[in-house]
Amino acid sequence: MQRKLMTALALSIFGIGSVLAMSGVAQAAPGKCFFATQFKSWKAPDDKTVYIRVGVNDYYRLDMSTRCSMLKSIDSHLVTKFQGSENICAPIDWDITVVNSAGMRQGCIVKAMTPLTPDEVAAIPAKFKP
């Protein structure tokens, strides 16, 4: 009985991974997770890209699935919610809402989360480096 239960559990976990892979939601590189509390700052060079700083020296690029026009508003800030684990490893772990000073809100869906190399970080223009 226990063997059947373990087989069913393994198959369902494999099924969830397959659904995520087929849905186009990208996974972060293995071992590139961080705690939500380590997320320090962000800047958006356009309405589909956000650069974030994690801790002191780690940077990621978040690619949005659609345009998120409020990212470019001067007075906007991100509201992030993390449900369950506060370990951020993949795009699906993000729940982002952009809010401006007038209280307008726009939800943004993260399609990809890419850890940046030191060379990629160096190539970010200063005004867009978080």
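**Entry 1: the largest pocket.** Before sorting residues by class, I noted my rule: Ala, Val, Leu, Ile, Met, Phe, Trp, Tyr, Cys and Pro count as nonpolar, Asp, Glu, Lys and Arg as charged, and the others, Gly among them, as polar. I also reminded myself that this is a predicted model. With that settled, I sorted the lining of the largest pocket and got five nonpolar, three charged and two polar residues. The names I wrote down are Trp-42, Lys-43, Ala-44, Leu-71, Lys-72, Ser-73, Ile-74, Ser-76, Lys-127 and Phe-128. The space in this pocket comes to about 160 Å³.

**Entry 2: the overall layout.** I stepped back to look at the whole protein. I found nine strands and two helices. In sequence order, the pattern reads α-β-β-β-β-β-β-β-β-β-α. Of the 130 residues, 35% are buried. I then checked the contacts with a separation of 6 or more, and 55% of them join residues 24 or more positions apart.

**Entry 3: the cores.** Which residues have the most contacts inside the largest nonpolar core? I listed Phe-34, Ile-52, Leu-62, Leu-71 and Trp-94, in a core of 23 residues. Strands S2 (39-46), S3 (49-54), S4, S7 (96-99) and S9 (110-115) each give two or more residues to this core.

Beyond its neighbours within four places in sequence, Ile-52 is in contact with residues including Phe-34, Phe-39, Trp-42, Leu-62, Trp-94 and Pro-130. Ser-41, Asp-58, Tyr-59 and Tyr-60 are also among the contacts of Ile-52.

**Entry 4: Ser-76.** I came back to Ser-76 because it is one of the residues lining the largest pocket. Ser-76 sits in the loop between S4 and S5. Is Ser-76 buried or exposed? Ser-76 counts as buried because its relative accessibility is 13%, and the cut-off for buried is under 20%. The side chain of Ser-76 reaches the backbone oxygen of Ser-73 at 3.0 Å. A polar atom of that side chain also lies 3.2 Å from the backbone oxygen of Met-70. Leaving out residues up to four places away in sequence, Ser-76 touches Trp-42, Met-70, Leu-71, Val-98, Val-99 and Asn-100.

**Entry 5: Leu-78.** Next I moved along to strand S5 (residues 77-80), where Leu-78 has its place. With 15% relative accessibility, Leu-78 counts as buried too. Apart from residues up to four places away in sequence, Leu-78 touches Phe-39, Trp-42, Leu-71, Ile-96, Thr-97 and Val-98. I also checked one C-alpha pair: Leu-78 and Val-99 are 21 residues apart along the chain, and their C-alpha atoms are separated by 6.4 Å.

**Entry 6: Asp-63.** I finished with a charged residue, Asp-63, found in strand S4 (residues 58-64). Asp-63 is buried, with a relative accessible area of 17%. What joins the side chains of Asp-63 and Arg-61? I found a polar contact of 3.2 Å between them. Not counting residues up to four places away in sequence, Asp-63 touches Lys-48, Thr-49, Ile-109, Val-110, Lys-111, Ala-112 and Thr-114.

Note on methods: Residues numbered from 1 in each chain as written. Predicted model: local features only at pLDDT ≥ 70, side-chain atom pairs only at ≥ 80, totals over all residues. Heavy atoms only, no water. Helix = DSSP H or I, 4+ residues; strand = E, 2+ residues; numbered from the N terminus. Buried < 20%, exposed > 50% of the residue type's maximum accessible area, 1.4 Å probe, protein only. Polar contact = N/O pair within 3.5 Å; in protein donor to acceptor, adjacent residues only side chain to side chain. Contact = heavy atoms within 4.5 Å. Core = buried A, V, L, I, M, F, W, Y, C linked by side-chain atoms within 4.5 Å. 1 Å grid on protein atoms, 1.4 Å probe; cavity = no way out; pocket = protein on both sides within 12 Å on 5 of 7 lines; lining within 4 Å. Points joined across faces, edges and corners; volume = space filled by probe spheres on them.
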